[in-house]
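Subject: Structure for your review

Dear colleague,

Please find below the structure that I am handing over to you. I would be grateful if you would look through it before reading my notes.

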Amino acid sequence: MEFSFGMVALVFFIIALVFIFKTINVVPQQHAWVVERLGKFHAVLAPGLNIVVPFIDRIAYKHSLKEIPLDVPPQVCITRDNTQLQVDGILYFQVTDAMRASYGSSNYIQAITQLAQTTLRSVIGKMELDKTFEERDHINTTIVNAIDESAANWGVKVLRYEIKDLTPPAEILHAMQRQITAEREKRALIAASEGRRQEQINIASGEREAATLRSEGERQAAINRAQGEASAIVALAEASAAALRQVGAAIREPGGMDAVNLRVAEHYVDAFGNLAKTNNALIVPANMGDMSGVIASALHIVKSQK
């Protein structure tokens with residue numbers, strides 16, 4: 001009898017432990033648990049200590065409220081210019097409504113994955129191949145907006161979509177590589193020709209400036225020579241005028257005319273002697289003995305110039 005009472009007590013103790021274990025539930029932070037009562041949605045348990053009715057309530061779904069990265073499988077898309085393009089991306093989403101995430105879709109992860117792929121094919125199909133590499137941000141934004149509108153019914157918030165890789169066929173890659181090489185060679189040729197052009201411009205500009213400087217130098221030198229010659233002529237004329245003034249003043253002095261007569265006679269004799277030495281034909285005055293007449297004629301010319 002005592003053995004039976006002990007067994008019953010043990011059973012009741014185990015049942016009590018199970019009852020307590022089923023009653024008390026601790027929900028971790030950033031998690032949401034969905035409780036069903038008799039197969040029907042009852043409540044969403046918030047993080048912390050929660051109490052449920054054992055054997056009547058049950059934890060049907062457990063959701064993480066953290067941001068979740070979802071790798072979207074790569075797929076082949078056809079661009080507007082009929083080029084195959086393999087696209088690989090990653091989607092970031094977050095559960096915002098645990099009840100809708102439990103009952104809005106049988107598998108919300110698969111649903112948003114399929115929707116991301118179909119939207120991506122639609123967006124890529126409206127673009128040419130070159131634009132797909134330039135418009136990544138536009139593609140990402142379009143996919144997020146399209147998925148987020150539908151995912152709201154599933155209790156999911158799509159945060160962003162990022163394209164990891166765009167891989168065109170090998171033939172297209174080779175053609176693009178050749179195009180890039182040709183474009184770089186074109187830029188190199190243009191740069192070289194611009195360099196030669198600038199070099200010719202610099203040389204021509206230097207020669208023009210040098211010629212201008214030479215002409216300016218020659219012009220200044222000619223001006224300086226002309227000014228020097230003019231100054232010399234003026235100085236010579238002033239010296240001659242001063243000499244003549246001095247001669248005139250000397251003539252007006254007492255004995256000045258006698259000195260002039262003597263000087264004229266000396267020049268006459270010297271000139272006649274040189275003429276006799278340098279010429280075969282001699283020119284002699286008609287009256288060789290009348291030197292006083294020659295001198296008087298010379299003095300008459302001198303007096304007439306005064």
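The notes below describe what was found in this structure, which is a predicted model.

I begin with the largest pocket, which holds about 210 Å³ of space. It is lined by 13 residues, and those closest to its centre are K22, N25, V52, D57 and I59. The elements that contribute two or more residues to this lining are α1 (2-23), β1 (24-27) and β5 (57-64). By class, the lining comprises nine nonpolar, one polar and three charged residues.

Next come two paired strands. Strand β6 (residues 68-78) and strand β7 (residues 84-95) run antiparallel and are joined by nine bridges.

The aromatic rings form three pairs. Y61 is partly exposed, at a relative accessible area of 31%, and Y103 is partly exposed at 35%. F93 and Y108 are also edge-to-face, at 6.2 Å centre to centre and 75° between the planes. Both F93 and Y108 are buried. Ring pairs also join F41, Y61 and Y103 into a cluster.

Finally, two charged residues sit over rings. The charged end of K62 is over the ring of W33, 4.2 Å from its centre, while R160 lies over the face of Y92, 4.3 Å from the ring centre.

Yours sincerely

Notes
Residues are numbered from 1 along each chain as its sequence is written. This is a predicted model: local features need pLDDT of at least 70, side-chain atom pairs count only at pLDDT 80 or more; totals for chains, interfaces and linings use all residues. Side-chain values use heavy atoms; hydrogens and water are left out. On a 1 Å grid over the protein atoms alone, a cavity is a set of points where a 1.4 Å probe fits but cannot get out, and a pocket is an open set with protein on both sides within 12 Å along at least five of seven lines; lining residues have an atom within 4 Å of a point. Grid points are joined across faces, edges and corners, and a volume is the space filled by probe spheres set on the points. Helices (H or I, at least four residues) and strands (E, at least two) are DSSP runs, numbered from the N terminus. Ala, Val, Leu, Ile, Met, Phe, Trp, Tyr, Cys and Pro count as nonpolar, Asp, Glu, Lys and Arg as charged, and the others, Gly among them, as polar. Two strands pair if DSSP finds at least two bridges between them. Rings of Phe, Tyr and Trp (its six-membered ring) pair if their centres lie within 6.5 Å; planes under 30 degrees apart count as stacked, over 60 as edge-to-face and the rest as tilted. Buried means under 20% relative accessible area, exposed over 50%, partly exposed in between (1.4 Å probe, protein chains only). A charge sits over a ring if NZ of Lys or CZ of Arg is within 6 Å of the ring centre and within 35 degrees of the ring normal.
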